Amino acid sequence: MTNRVMFCVTLFGAAVSTPLTAYRSPLTAQDTVKGKAVYVKWCAGCHGDTGAGDGAAAPAMLPRPRNFTGAVYKIRTTASGQLPTDADLMSAIDEGLPGSAMPAWKARLSEAERRDVIAYIKTFSSFFADTSQHIVPLGFGKEPGGGTSAQAVKTGRSFYDSIGCRKCHGDQGRGDGPSAPTLKDDAGFPIFAADLHQSWRFRGGGRTEDIYRRLRTGLDGTPMPSFSDLIDQKFLTDEELWRLSQYVRSLSPAREPEVRDVIHAPQLGGTLPAAPDDTTWARVDRYWFPLVGQVIRKPRWFAPTVSGVWVQAVHNGRELALRLCWDDRTLSPDTAWLAFERRVLETVASDDSTPPVAGLWPDQVAVQLPRHIPDGMERPYFLMGTGTDPVYQWRWTSEPRRTVAGLARGLEQFDTLGAAPESQAVWDHGEWRVVLTRSLATPDTANELQFVAGRAIPVAFFAWDGSNGEHGSRLAVSTWYFLALDQPTPPRVFVSPVVAMALTLGLGFMVVWRAQRRAGGSRGTGAGVGAGAET
Amino acid sequence: MRKLGSVGVVAVAGSLLTLAIAAWTRQPPAQAGATITGKVKFTGTKPAMPKIDMSEEPKCKAKYPAAPPTEETVVVNPNGTLANVFVYVKAGLPASYKAPAPSGPVTLDQDGCRYHPHAFGIMVGQNLQIKNSDGILHNIKAKGTGTKNRPFNISQPTTMTSTRTFSAPEVMVPLECNVHGWMHAWLGVLPHAFYGVSGADGTFSITGLPPGTYTVEAWHEKYGTQTATVTVSGSETKTADFTFAGK
């Protein structure tokens, strides 16, 4: 009986609280007809005419465009399973979803257009018209202070361990946990556990506050659950969840890495750090180079997993050492990821004459240089040169663990040269760290680039993640950048200022001495200074 | 003004009471009515179920000392019957038939990194208690299938119980754990209590049916659905057997 009364009270309560659904439309001026026009022009290419996430461009994408028909959204401020607020949809459209193909539209569409398109997107699902759906943003509170302190980060890390984040995101957060190779989204597509070291690619934003929100709401449609029940049941306090968010934030650089065109290689004395974990590297500036899928030559590759490479360089006047670090959640080849690789290849459209087959490919990285330092701005074709104008490359592979050097004449042809740089590599919890070392000068001056300090040397990078089915032309590429070996500071740089200072000082003394002598000669005339002034 | 307020309170209380009584009296009397019972037979080749590697979860692995557990997509009983078949009244109830959700919950337990039960039913609005007996991280996800129920995905990293409800009939809601990719369960959400699941002996039973002619559907996660038409009256028991063939 009591339960029945409670049931009715709940019903009554629900009726009273219906004004809450006013939250459904805090945005005014929504027009589904105008919204449709915006949608057809700008959105349907990826999201499809019926909003099913199956537009013409969709098959090449991973993650796939959102399917609006189920009204399941990753980035919300509402509880797991609830519909998003209009403000949630607006912010996804405004800011885009970093790390996916969804761009930011704030600067491209007017506010009215964005509101209209939201109204139209909501028509794809009957849930938005269902008045029994309550859309209530969660209360998030404020981030507790001291978030970057060692103690806060340590506390956060303890919850990272205790609530099992490592199961998917891995011990160090690069998405290499034991469950990671089994993950699928609700549509059955393979999905990667986020690499927590690249907060600028988090779909819902990379601020601590954004991370906290994702922990509270979960990412619906994906394996990422909501942790709100833990707070409700007092297994975790709100502050502890904030500490966890702060820990996760601490794994990424403070700001999205800025792309700089020129790698400066300082000159060091003595031997170069040939080991990837030599402590010297901690004192050397690192440079970030973003990589993108190779979509120029067939077969193209639209879903690379290596999003960029950190590069450091040093030389000692005789040799150059180049350290490349990049996040790769798999130590390829790895049979544990073979089924995942198969799902990726089945999901991402191929333009190959025969469908790609999952295989135990190694991880690879290539450093590309011209054969000679160009005099002007003319450089060989960035995508591995051409038949008539080849490029000089170093290619490192994880298995066999070695580096070869050769001439690339386009994507298809690579002719190995006799000599290759020394290399050492470490794979550590989802990160490769590889150091390549070579003499600045070599006997084969015709084919091998001769490094010269003080010159701008073109350099480009390529990476393959074997467990993502990448090999051959399926790879991630960069454009040309530059490497500059710092010249040793000539002694005159130190001597000249001293000489100049001494000269200035001497000249100054002379001027003062002469002036004083003249002043001394006229002393005793009494009006001498005044007379001098008059002359 | 205050008087008006108290009148309002009385009116609200009165209507609540009326509603409550109405809800109470509308419930069909328990255990009365007809029964449909039957057996789900299995013919053909029994597919080999893959063994589950639980070495990442020693706590779960320890619960299977005799032999490693296998996946539960197809469970053929020793007597040659098929378990985990959800049998329910798909059609035939009068349009006006309404049943309130029982106050007692349905419990889904995560024990030994498996769901117990594997296939089961619940009524619209009835509480589903999701229990983690393992005390290790599970997430429990109800996948959204489009238009009926909203999805959810909850983290349970410790021994705890979460409660959720479903708002619309749906056969079936897929439940899964993404930490342990082998963990799948299937939930039939119905506006009535006329459902059963074939158990370890392959039988099911649906009780308390009002007289009528019903479409009874048997649902299996791999072998799909089969239907039977059954007419019952009074408190009689009718039999409806189903046979699924291995492929």
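Buried residues account for 41% of the 535 residues in chain A. Keep in mind that this is a predicted model.

**Overall build of chain A**
- Chain A contains 12 helices and 14 strands.
- Its radius of gyration is 31 Å, well over the 24 Å that the globule rule gives for 535 residues, so chain A is more spread out than a compact globule.
- Along the principal axes, the C-alpha atoms of chain A fill a box of roughly 120 × 80 × 50 Å.
- If we take contacts in chain A between residues at least 6 apart in sequence, 68% of them link residues at least 24 apart.

**Domains of chain A**
- The chain divides into domain 1 (2-129), domain 2 (150-250) and domain 3 (262-485).
- Between the centres of domain 2 and domain 3 of chain A, taken over C-alpha atoms, there are 31 Å.
- Where these two domains touch, domain 2 of chain A supplies 14 residues and domain 3 of chain A supplies 13 residues.
- On the domain 2 side of that contact, you will find four nonpolar, five polar and five charged residues.

**A sheet in chain B**
- Four strands of chain B form an open sheet in the order β4-β3-β6-β9, with mixed pairing.
- Its edge strands, β4 (114-116) and β9 (160-164) of chain B, each pair on one side only.
- On average, neighbouring strands of this sheet are turned by 20 degrees against each other, direction ignored.
- Strands β3 (residues 106-111) and β6 (residues 128-132) of chain B run parallel and are joined by five bridges.
- B:Thr107 sits opposite B:Gln129 in β6(B).

Conventions:
Residues are numbered from 1 along each chain as its sequence is written. Chains are lettered from A and ligands numbered from 1 in the order in which they are written. This is a predicted model: local features need pLDDT of at least 70, side-chain atom pairs count only at pLDDT 80 or more; totals for chains, interfaces and linings use all residues. Domain bounds come from an automatic or database domain assignment. Two residues are in contact if their C-beta atoms, placed from the backbone, lie within 7 Å. Ala, Val, Leu, Ile, Met, Phe, Trp, Tyr, Cys and Pro count as nonpolar, Asp, Glu, Lys and Arg as charged, and the others, Gly among them, as polar. Two strands pair if DSSP finds at least two bridges between them. Helices (H or I, at least four residues) and strands (E, at least two) are DSSP runs, numbered from the N terminus. Axes are lines fitted to C-alpha atoms, for helices over the stretch in contact, and angles run from 0 to 180 degrees between N-to-C directions. The radius of gyration is taken over C-alpha atoms; the globule rule is 2.2 Å times the number of residues to the power 0.38. A residue is buried if 20 or more other C-beta atoms lie within 10 Å of its own, exposed if 12 or fewer, and partly exposed in between; C-beta atoms are placed from the backbone.
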